[in-house]
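Welcome, and please open your viewer. We will walk through this model one selection at a time.

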Amino acid sequence: MSVTEKNEHQKKDMAIPRLDAHGSLDAQFMQRCIELGRNGLGTTAPNPMVGALLVHKGKIVGEGHTSPFGGPHAEVNAINAVKEKALLKECTLYVTLEPCSHFGKTPPCADLIVKHHIPRVVVGMPDPHHKVAGQGIERLKQAGCEVNVGVLEQACREHHRRFVTFHLKKRPYVVLKWAESADGFMAPLKQYRETEPQPYWITNSLSRQLAHKWRSEEQAILVGTGTALEDNPKLDVRDWSGTSPLRIVVDRHLAIPRDHHLLSGHPPTLVFSAKKGERMAKSGLTHVPLPEGPDAMAELLRKLHQLNIQSVMVEGGAKTLQSFIEADLWDEARIFRGPKNMDNGVPAPKIKGKCLAQKRIRHDLLTILRHDQEHHF
């Protein structure tokens, strides 16, 4: 058997999931949809990263995931991938999220499913978007489709956690990220820093590369004034292939010098401030009013929701991170702990949450926490 023939044989074998003691064929096909949907991470927002596939007599005949924002949805791509369109009348469509029923940048997916007379649709979870919210499912049922809702629902809700948080909590999904020394400090005291502002590295190069990968997966990235002044960060994607997120800085009194990277205008930056200065006239910079007070972070997230920002990674500094924690406005925390003590410095934030995972990255320890609030999604 040639290499090409062997590969084709493996593809055909993988296309037909087998029943096992822990799940049904529907569950296994839905798991594949989730895997497909992950291909849209970092490109589909504010649309959800949906995965879809079509099955004919136990064999996958078409797969698709949501295209970058403005492009076709997952169901469209899966249908287009089916070479023999006559088979659609005998197929089951699997999709992680309820097919849309409204016109946006593309026509309703529910209408396309009805048009092709697909007789059975398996949906992972209902769409929380108020323009859909069960209407897509109802449209399919009225057209005579057999609709099964809730297959691997919790796994689909986890997969769509950014989208679900955005629509149910009316704010972006908030990921906190920081690095701390073995004895719990984020940075040395200011008098020990070098004259020129630059990052102080606690973690190794692989951990930093992973952090850049994460940047490519979120819609926006945020820091406070202190981090901007001390580190002069670019907050772009350099050590990974992907699109740089929208940059956000909380600079209440416009203290950041004009020549700092965050005010370059590329990538674009939102500047949350109590006042507006001349620098905001620069291309790529947008001023967003942010009043003082205990509800400032909630107001910031409310305004990001209005701007259709579905997720934001908060990278520092300690005061900004702690403000999100104290306001109970976070969903996930990703904490690197380096192998060396610092003995003194800026204390890392204090946080409690459900530990999802811990892993070693060379000598660094990565801990991922999830907000332990009941029924978080």
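## Stop one: a salt-bridge pair

Start by selecting Glu332 and Arg161, which form a salt bridge with their closest N and O atoms 3.5 Å apart. This pair joins distant parts of the chain: Glu332 sits in strand β13 (residues 332–337) and Arg161 in helix α7, 171 residues apart. Keep in mind as you look around that this is a predicted model.

Are these two partners buried or exposed? Glu332 is buried, with a relative accessible area of 4%, and Arg161 is buried as well, at 13%.

Glu158 is partly exposed, with a relative accessible area of 27%.

Next, select Arg252 and Glu292, whose side chains meet in a salt bridge of 3.6 Å, N to O. Arg252 lies in the loop between β9 (246–250) and β10 (269–273), and Glu292 in the loop between β11 (285–289) and α10 (296–306), so the pair ties together parts that are 40 residues apart in sequence.

Through salt bridges that share partners, Glu158, Arg161, Arg162, Glu218, Glu332, Arg334 and Arg370 are joined into one network. How many salt bridges does a search of the whole structure find? The search finds 21.

## Stop three: a buried charge without a salt bridge

Select Glu98, in the loop between β3 (92–97) and α4 (109–115). Glu98 is buried but has no salt bridge; Lys141, the nearest side chain of opposite charge, is 9.5 Å away. What you can find instead is the backbone nitrogen of Gly134, 3.0 Å from a polar atom of the Glu98 side chain. Beyond its neighbours within four places in sequence, Glu98 is in contact with several residues, including Val123, Pro126, Asp127 and Ile137.

## Stop four: the nonpolar cores

Finally, select Leu53, Leu54, Tyr94 and Leu140. Of the 39 residues in the largest nonpolar core, these four touch the most other members. Elements giving two or more residues to this core include β1 (51–56), β4 (120–125) and α5 (135–142), while α2 gives the most, with six residues.

Zoom in on Leu140. Leaving aside its neighbours within four places in sequence, Leu140 is in contact with Pro99, Ala110, Ile113, Val114, Val121, Cys145 and Val147. Apart from this core lies another, of 32 residues, with Leu222, Val288, Met297 and Ala348 among them.

Technical notes. Residues numbered from 1 in each chain as written. Predicted model: local features only at pLDDT ≥ 70, side-chain atom pairs only at ≥ 80, totals over all residues. Heavy atoms only, no water. Helix = DSSP H or I, 4+ residues; strand = E, 2+ residues; numbered from the N terminus. Buried < 20%, exposed > 50% of the residue type's maximum accessible area, 1.4 Å probe, protein only. Lys, Arg positive; Asp, Glu negative; His and termini not counted. Salt bridge = Lys/Arg side-chain N within 4 Å of Asp/Glu carboxyl O. Polar contact = N/O pair within 3.5 Å; in protein donor to acceptor, adjacent residues only side chain to side chain. Contact = heavy atoms within 4.5 Å. Core = buried A, V, L, I, M, F, W, Y, C linked by side-chain atoms within 4.5 Å.
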